[in-house]
Amino acid sequence: MAEIAWIHAALTSARPQAISALLRYFRDLDIAEEAYQEACLRALRTWPQNGPPRDPAAWLIFVGRNVALDQVRRQKKQEALPDEDRLSDLGDAESEVAEQLDGGHYRDDILRLLFICCHPDLPATQQVALALRIVSGLSVKQIARAFLVGESAMEQRITRAKARVAAANVPFETPGPVERAERLAAVAAMLYLVFNEGYSASGAESDRRRPFSEEAIRLTRLLLRLFQTEPEIMGLLALMLLQHARAAARLDADGQIVLLDDQNRKLWDRELIAEGLALVDKAMRHRRPGPYQIQAAIAGVHSRAPRADETDWAQIDILYATLEHIQPSPVITLNRAVAIAKLRGPEAALVIVEPLEQQLSGYFYFFGFKGWLLMQLGRDREARTTFDRAIALAGSASEAAHIRQHIDRLMRESGQVAAG
Amino acid sequence: MHYAILCYHSEEVVTAWTKEQNEEVMGRLEKVRQRIAKEGKLGPVARLLPTTAATTLRKDRDPPLILDGPFAETKEQFLGFYIVDVADLDEALGIARELGEANPGGAFEVRPLAVYYPAGV
């Protein structure tokens with residue numbers, strides 16, 4: 001029977017809660033991880049015979065704690081481990097002890113576990129690697145392959161990141177409301193990073209990184225279950241779901257990125273979209289707008305359009321203007337200019353885009369979009385030089401190829417004019 | 001007699017299923033569903049979005065209180081339902097057992113319907 005796969009799903013879903021409770025108990029990440037690993041091995045031995053326990057997380061916390069305590073004792077007294085039968089027949093004791101370990105604290109425990117991965121000294125990719133390793137339990141091999149580095153290099157990176165996190169001494173006391181809100185914001189940003197590491201990949205990388213997006217969604221769902229009334233967490237989950245819903249339409253057969261306007265919308269995942277839109281609605285009721293909510297609302301407007309040319313650009317313009325207001329940034333203004341171009345034409349958009357040049361002088365999309373606007377206005381020579389700058393800044397072959405198409409079109413058209 | 005088969009399962013576990021696992025379960029459930037439908041015994045069926053998408057309206061006060069999240073915080077969550085039209089409890093339990101084999105884990109609450117308006121009026 002495929003029972004092992006089902007046990008695996010139960011272990012995966014229990015992992016954040018179990019590790020974070022063990023971490024609070026032992027106050028040491030390595031001991032907590034080892035205890036959890038050992039508990040999982042025992043689960044794989046006993047669950048197929050006895051059936052899975054009613055509360056897998058409680059079982060793992062109880063067994064993990066006992067195993068680790070036994071090891072500590074054994075090191076002291078060379079005592080023997082209790083036999084397997086006693087461990088596999090826990091009955092109600094398991095939930096009682098787990099309750100004591102866990103009761104009421106699990107919310108802050110899981111938040112703490114996620115928060116320690118967000119250490120500000122850690123570069124973004126290390127935060128992502130650490131979260132995927134510790135919280136999600138992805139193997140070092142899997143993470144290393146996705147980041148295109150050797151396994152031992154990734155192992156070293158994670159070990160170093162862990163040492164840094166341990167030295168940071170995140171306090172174990174229950175956080176106050178202000179501290180909790182700060183932790184929540186840091187964790188949200190880190191989870192969105194994890195999501196984007198998966199989402200922004202193209203080509204051969206996209207398959208290897210796909211689990212990152214799914215993991216980020218799973219952990220954000222967990223976070224929202226713990227903090228049900230936080231509109232920004234609703235917004236973050238909605239944003240991820242609405243973007244991930246397009247996964248099947250985002251890349252062509254060669255793994256190249258397909259722009260939103262050109263995507264086959266029949267390939268969008270309707271169930272994920274329904275969930276995303278429901279969350280945007282819920283968040284808006286709170287009337288506490290934030291960047292994730294607004295970005296999710298923008299993604300929602302795209303999701304609601306059956307065809308690209310039926311997109312409600314006026315709504316998108318308003319939403320970007322709101323986002324600009326609460327989080328001013330030239331990139332957001334650039335995005336708003338896309339809506340302006342659709343609503344009022346390339347001339348109006350160019351007026352908004354041009355002042356951004358200095359701030360966005362290293363940004364591929366700036367030159368790609370500006371070149372496109374110039375091309376629409378028939379200013380071919382300027383378009384050509386702008387596209388050349390975009391190509392110089394392209395981060396991937398597919399980005400460069402996309403701009404190359406525009407240049408080819410300009411050359412073809414000017415060729416036709418010359419021939420005619 | 002109409003029965004509701006109410007589906008409860010750990011949402012955390014269900015959302016940790018891989019895409020393949022999810023498709024495998026849905027494929028097996030589809031077969032059972034089609035057979036019951038062919039016998040004319042199947043009413044509306046629904047799978048609910050996760051409880052994080054739920055909103056609760058507490059109407060025991062005026063004005064009612066609107067809360068984020070599901071009505072009850074439980075280890076296993078209400079995730080969907082089937083309505084079946086069968087002769088008796090045994091037949092309803094038989095269908096529940098069959099659905100359970102296709103989708104192991106969690107529990108079904110088999111509950112007779114008092115009033116039933118399939119078209120809403």
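Is the crossing of H12(A) and H14(A) left-handed or right-handed? It is left-handed, meaning that the near helix is turned anticlockwise from the far one by less than a right angle.

This is a predicted model, where local features need pLDDT of at least 70, side-chain atom pairs count only at pLDDT 80 or more, and totals for chains, interfaces and linings use all residues. Residues are numbered from 1 along each chain as its sequence is written, chains are lettered from A and ligands numbered from 1 in the order in which they are written, and side-chain values use heavy atoms, without hydrogens and water.

**The helix pair**

Helices are DSSP runs (H or I, at least four residues), numbered from the N terminus. The packing angle is taken between N-to-C directions, from 0 to 180 degrees, with axes fitted to C-alpha atoms over the stretch in contact.

| Helix or pair | Value |
|---|---|
| H12 of chain A | residues 231-244 |
| H14 of chain A | residues 270-284 |
| H12(A) and H14(A), angle | about 155° |
| H12(A) and H14(A), axes apart | 8 Å |

H12(A) and H14(A) are therefore roughly antiparallel (over 145 degrees).

**The chain interface**

Chain B gives 25 residues to the contact, and chain A gives 25 residues. Contact means heavy atoms within 4.5 Å. The area buried between the chains is about 2,200 Å². Buried area is the accessible area (1.4 Å probe) lost on putting two parts together, summed over both. Carbon and sulfur atoms give 56% of it. In chain B, B:Glu12, B:Thr52 and B:Asp68 lose the most area to chain A, together 31% of what that side buries.

The rule finds three salt bridges across the interface. Each is a side-chain nitrogen of Lys or Arg within 4 Å of a carboxyl oxygen of Asp or Glu. B:Glu11 forms a salt bridge with A:Arg225, with the closest N and O atoms 2.9 Å apart.

Note on methods
Helix = DSSP H or I, 4+ residues; strand = E, 2+ residues; numbered from the N terminus. Parallel < 35°, antiparallel > 145°, perpendicular 65-115°, else oblique.
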